[in-house]
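Here are my notes on the model, as numbered points. Please read them alongside the coordinates.

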Amino acid sequence: MNQKLSQIFRNMAFFLKMEGVAFKPQAYEKAAENLETLSEDVGEIYKKGGVDLLEKIPGIGKSMATRIVEYLKTEKIKEYEKLKKKTPVNLDELLGVEGLGPKKIGILYKTLGIKNLKELENAAKNHKIASLSGFGEKTEQNILQAIEFRKKSKGRFLLGEILPKISVIMAKLADLKEVETVSEAGSLRRRKETIGDADILVISSKPQAVIDFFVKMPGVVKIWGKGPTKASIRLKDGFDVDLRVLAKESFGSALQYFTGSKEHNIVLRKIAIEKGYKLSEYGLFKGSKKIAGESEKEIYKKLGMDYIEPELRENQGEINVAIKRKSPKLIGLKDIKGDLHLHSHWNDGIGPQMIEQYIGEAKKCGYEYIGISDHTKFLAIEHGLDEKQLMEQRKYIDKFNKKLKIVNCKLKILCGCEANIMADGSMDISDKALAKLDYVIAGVHSQLKMNKNEMTKRIIKAMRNPNIDIISHPFGRILQRREECEFDFDKILKVAKETGTILEINASPYRLDLNDVNVRKAKKAGVKMIINTDAHQKEQMNLMEYGVSQARRGWAEKSDIVNCHSLEKLNKFFK
Ligand code: DGT
Ligand code: CA
Ligand code: CA
């Protein structure tokens, strides 16, 4: 119920913004945000304590509580129905187009009657959009590009959207008494940033029971195929899941085979043949004798190489390195000692409370330090801080650190910021203020479509600023929505190395920026990296694992990632 309601509230906020209504949209957004993170169902809360108890939920005032009750009783909210009728647009589709916000969607509907993606594409192709006020030739081109981009990525899903859902399914399978072991396979196990379909492997001696349970799970909308030991389904979320049930003896070889990648497997099979063996999903054989199959480790060992971590299995040289016994010792989630990219929305007045929440999470993660890095002046919509506010925050955090020390808590809060790199490479906030912080992140948040030369110069200038320690989400991409910025990455790496600037691996599953390939390039160039979550609420600190898996896919070791170090050593990496 909470998710359904929060989606409705979010949509209402969009509709109201379309109409240019002030304040009210923010109230709906706040309510939606709070509902999303609420652990108890609102229906239950209402049952327990009526409308009064609903009003006790943070962010829910009298009018929001009334709407929740209306929905609980009638499964509708009249105001929402009215708004939908007035502007019957497919919000899901249109908001998926990068660059389109509520205001523009409203104008497109009112002037051209555009309700969905298809109509938007037609209008853009027929040059009907450029002449609308506030749009222009460039916006029209951008819309077409964004639609193209969406089409290209169709059919693949973000790791961050699939993994939580598959984890739930895997837990259900693991609960069956017939099931001994469950594992993910395929691109999911390799932690690719996007997933075609999810692959799950199970050990069981009663495959039929497992298959029957699997195809009858709630949320299954289609059964593509169902046999005695395997099944393939589509979930209502739109993606497919393949399940294979195996006997214990061949689980290792099946896991190896179905983890892929296909390219990795082809080379591995060749090596098996050269050694006089045969490798298949059923095992590693010498003639008709099975010499390995129960575990993956055994198979790699018998093939004369190091065990290769799933994230490396892309046929990018990992096999040769494993034969030479020089496989990288990849970093793990446990190695991370802190998260330095946390937003507190200081200006909303909820900063102090959020910092306390981040501290709670950090303790759970076993971190030694965290860093608060709010946006600065330029990002007015994000309530960017000016010099004075930044110094107030600094004082507040200093006080907090003293308090933590008194209660013998080892956690240390660093005071940073995420300054905006302006078009000319300067910062949106004075160097004097930046110099007073523990560290400074700088990122590009505007004019992302600059030409390659200018963008390269822009970032280089920022890296040469002695106050800038970290460049956040360097390529500025949003997966399946916004393409990467163009710049000369080799030049950036050279200057990063020379100036000791750290590049961020942004762990948000919508960004994963640097990506795996660029992590590897940075490592080769000897440039240090940091894995940050860019959390805007405490729950997002859990996204660290996505950053770590991308770093692993980029062959990163502890020595490459500065937040694997203790605070004392970390400080040495700051300029
Ligand atoms: P995806 O689903 O597109 O994100 O990528 P994968 O890697 O999960 O691919 P998928 O689901 O088609 O197959 C899972 C694994 O099974 C794949 O990584 C390797 C193995 N596999 C599937 N088909 C073949 C094949 O024709 N030859 C070989 N060698 N391996 C295959
Ligand atoms: Ca797959
Ligand atoms: Ca598959």
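1. The calcium ion (ligand 3) is coordinated by Asp197 (OD), Asp197 (OD), Asp199 (OD) and Asp242 (OD), at 2.4 to 2.7 Å. Donors here are N, O and S atoms within 2.8 Å of the metal, or 3.2 Å for Na, K and Ca; water is not among the atoms, so sites may look incomplete. The donor residues follow the spacing D-x1-D-x42-D in sequence. Aspartate 199 sits in strand S4 (residues 198–204) and aspartate 242 in strand S7 (residues 240–246), so the pair ties together parts 43 residues apart in sequence. Strands are DSSP runs of E, at least two residues; helices are runs of H or I, at least four; both are numbered from the N terminus.

2. This is a predicted model: local features need pLDDT of at least 70, side-chain atom pairs count only at pLDDT 80 or more, and totals for chains, interfaces and linings use all residues. Side-chain values use heavy atoms, without hydrogens and water; residues are numbered from 1 along each chain as its sequence is written, chains are lettered from A and ligands numbered from 1 in the order written.

3. Aspartate 197 bridges the calcium ion (ligand 2) and the calcium ion (ligand 3), which lie 3.7 Å apart. The protein donors of ligand 2 are Asp197 (O), Asp197 (OD) and Asp199 (OD), 2.2 to 2.5 Å from the ion.

4. Aspartate 199 and aspartate 242 are both buried. Aspartate 197 counts as partly exposed because its relative accessibility is 25%. Buried means under 20% relative accessible area, exposed over 50%, partly exposed in between (1.4 Å probe, protein chains only).
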